[in-house]
Protein chains: 2
Amino acid sequence: MERFNRIIEIDEKNFQAVVEPGVITQVFQEEVEKYGLFYPVDPASRGSCFIGGNLAECSGGPRALKYGVTRDYVLALEFVTPTGEIISNGARTIKNVTGYNLAQLIIGSEGTLGVITKIIFKLISLPKFRKLLLIPFDSIDNCISSVAEFFTSGITPSALEFLEKSAVKAAETQLNKKYPVSDAEAQLFIEVDGNYEEALNNDVQKIAEVAEKFGAIDIILAEDRQKMDDIWELRRGTGDAVKSISTYKEEDTVVPRNKMPALIKGVKEISSRYGIRSICYGHAGDGNVHVNILKDKLSDKEWNDRIDDAIREIFNLTISLGGTLSGEHGIGYSQKNYLSIALGNSEIQLMKDIKRTFDPNNILNPGKIFPD
Amino acid sequence: MERFNRIIEIDEKNFQAVVEPGVITQVFQEEVEKYGLFYPVDPASRGSCFIGGNLAECSGGPRALKYGVTRDYVLALEFVTPTGEIISNGARTIKNVTGYNLAQLIIGSEGTLGVITKIIFKLISLPKFRKLLLIPFDSIDNCISSVAEFFTSGITPSALEFLEKSAVKAAETQLNKKYPVSDAEAQLFIEVDGNYEEALNNDVQKIAEVAEKFGAIDIILAEDRQKMDDIWELRRGTGDAVKSISTYKEEDTVVPRNKMPALIKGVKEISSRYGIRSICYGHAGDGNVHVNILKDKLSDKEWNDRIDDAIREIFNLTISLGGTLSGEHGIGYSQKNYLSIALGNSEIQLMKDIKRTFDPNNILNPGKIFPD
């Protein structure tokens, strides 16, 4: 069986790579790093997810705030249409306005428009240095309110992650490891990278100043690779750890950065009103908050009676804050009946018309994305 | 009459702006700079072109090599479909996988799919410092062969422009100004930017080393704003200056960076074989070479007999080098009969099907992009 898992070419002169969709994201990242190159898109599942899936869902991860998402690195795509045509769209160039950009339409279409068979990526130069700060706070609100100010102070972090205490605790239990300050109400991970260490030292200084202004309990700096990897392991394990607690429903809400305090406050108010526990963590630097709603000891009936209305309220709030339903996970089956909270009828109709144009027999991922 | 030329909002907390399509690009750039923000897309025509047109053609310009093109800065679009529906696609977020990304399909579609009425842009932090190097060479080949090596040496310039001597001369005549080294066979403009001046000084040092290795005649450094503006004025005036020489046909070829020596050598060989003069200049850092073919003193018959075959040969060469027909100007009317050199039949057919889905009555820019 053809596995489509080859890295066909790494073009170190032009900072490009030709890849098949079955390559594991981390394998691709590590291979290009051997050439001093960087594929920055870094989903938490990078050790097991496929590059093709990353395109289908337009994966983001913690570095999107500085480096963008999957679509920002795709120059060209080969894909097979549902009617059996093989299409190569794009070129090995950063600029291209030669007919419609079909690649950009396919990316994020969740496998509904075509089967990706080859990808040409743009790569960038691997930054020489990075430094990671772990910053505990004694209140969620102080923690999350600081986020926008790191940016307005002139810093562009390469990652800025947020976790509330219950997410921290879940990861500690699951991974049998401890955070340096384990009992803080919330924590930020802030990473900076670049080619000049002195510049990063200046960034670290500025970050510390902003964090102190918002009442940070401590500021833990990790500079060596091993220490940074240890801390990131805790962050990467958070999703699975939270999901292992109980039956859950995970939302992938995303709002403008400075609306996160309002989003998280609203989520807590809504979940408390419905008697459901929520655990929030995620990519605070780009406003992408993963809201996990847990069944815990609710009966099936209680859970089923409450969950749909609670999610609708959370999504209505998200939209009212200028955000949307999904930042990087997509709609799939589980969110499709909420799609019309975010999109108008004529917009959904136009998308369905596009789906029909590509796939008149509705054979690719039928029933996904669009409401019943 | 509604002019749709308002900058509706600059959101300095979230680094975003809401803009109508009739805003002049330079007006928008200068407005966001007042807030310490940066809209990097910088077409040479920025003083007269509209943001809406920049979206329609996915404008690039000299900074694409570091900062990307128009599509990389669009978070959301409001547009009117040819059947009269008003659609708001996207959100005020960097990440978004909530249905198909219609905005990315509209961008670069040359006004054939919808009428853009509002744009939400992502902005970035304005770099504090920039430095410009002007580097004359005594051979086109040495000059253009150096380009890929600046990148592999670890530099990411914010602009890297190439001009051959006849383009330099045309600009000097038209603007009544002189280049510091006026008789060189070719010149590079290399700009670097960032927040740490010492880092830029290191970049300048490395650039000089690479340039010397490729036989640069001189290295002229401009650090103060006025001197940089003067040099950039010569570069920005080049397009109009070349076009004022004679009846012309301009191609917007784009290839991978390290294929530019082969492209330019091929263009010279082809134009010489057809007895037609060519003048090349452009955005060497991203492989986007503007090839101007001049009628000069050819008779109408000679020009008409030769031009089509010459262009076909140039485009075939471009495609064979992994490039494509247009990097930032689009296809429009003038290139549409060459489209099938770049795209396969089934790809063109799929694009036409999409056009029909959006515009069943073919009322928006009919006759553009697709071959007769």
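Predicted model: local features only at pLDDT ≥ 70, side-chain atom pairs only at ≥ 80, totals over all residues.

Biologist: Which residues line the second largest cavity?

Modeller: A:Ala44, A:Pro62, A:Glu161, A:Trp232, A:Arg235, A:Arg236 and A:His283. Sorted by class, that lining has three nonpolar, one polar and three charged residues.

Biologist: And what volume does the second largest cavity have?

Modeller: About 40 Å³.

Biologist: OK, how many cavities of 30 Å³ or more are there?

Modeller: Two. The largest cavity comes to about 50 Å³.

Biologist: What lines the largest cavity?

Modeller: That lining is made of B:Asp42, B:Pro43, B:Ala44, B:Pro62, B:Trp232, B:Arg235, B:Arg236 and B:His283. By class you get four nonpolar, one polar and three charged residues there.

Biologist: Which helix has the largest share of the lining of the largest cavity?

Modeller: Helix H9 (residues 225–236) of chain B, with three residues.

Biologist: And which domains does that lining draw on?

Modeller: Domain 1 (7–125) and domain 2 (129–239) of chain B, with at least three residues from each.

Biologist: Switching topic to the two chains. What rotation superposes chain A on chain B?

Modeller: A rotation of 180°, with 0.0 Å of shift along its axis, and the RMSD is 0.0 Å. The two copies are therefore related as by a two-fold rotation axis. Both copies also use the same surface, since 100% of the contact residues of chain A recur in chain B.

Biologist: How many residues does the contact take from each chain?

Modeller: It takes 85 residues from chain A and 85 residues from chain B.

Biologist: What area do chain A and chain B bury between them?

Modeller: About 6,400 Å², and 60% of that is on carbon and sulfur atoms.

Biologist: Which residues in chain A lose the most area to chain B?

Modeller: A:Lys95, A:Val97 and A:Tyr100. Together those three account for 16% of what the chain A side buries.

Biologist: Great, thanks. I'll go and look at helix H9 of chain B, with its three residues in the lining of the largest cavity.

Technical notes
Residues numbered from 1 in each chain as written. Chains lettered and ligands numbered in written order. Heavy atoms only, no water. 1 Å grid on protein atoms, 1.4 Å probe; cavity = no way out; pocket = protein on both sides within 12 Å on 5 of 7 lines; lining within 4 Å. Points joined across faces, edges and corners; volume = space filled by probe spheres on them. Helix = DSSP H or I, 4+ residues; strand = E, 2+ residues; numbered from the N terminus. Nonpolar A, V, L, I, M, F, W, Y, C, P; charged D, E, K, R; others polar. Domains from an automatic or database assignment. Least-squares fit on C-alpha atoms with pLDDT ≥ 70 in both. Contact = heavy atoms within 4.5 Å. Buried area = accessible area lost by both parts, 1.4 Å probe.
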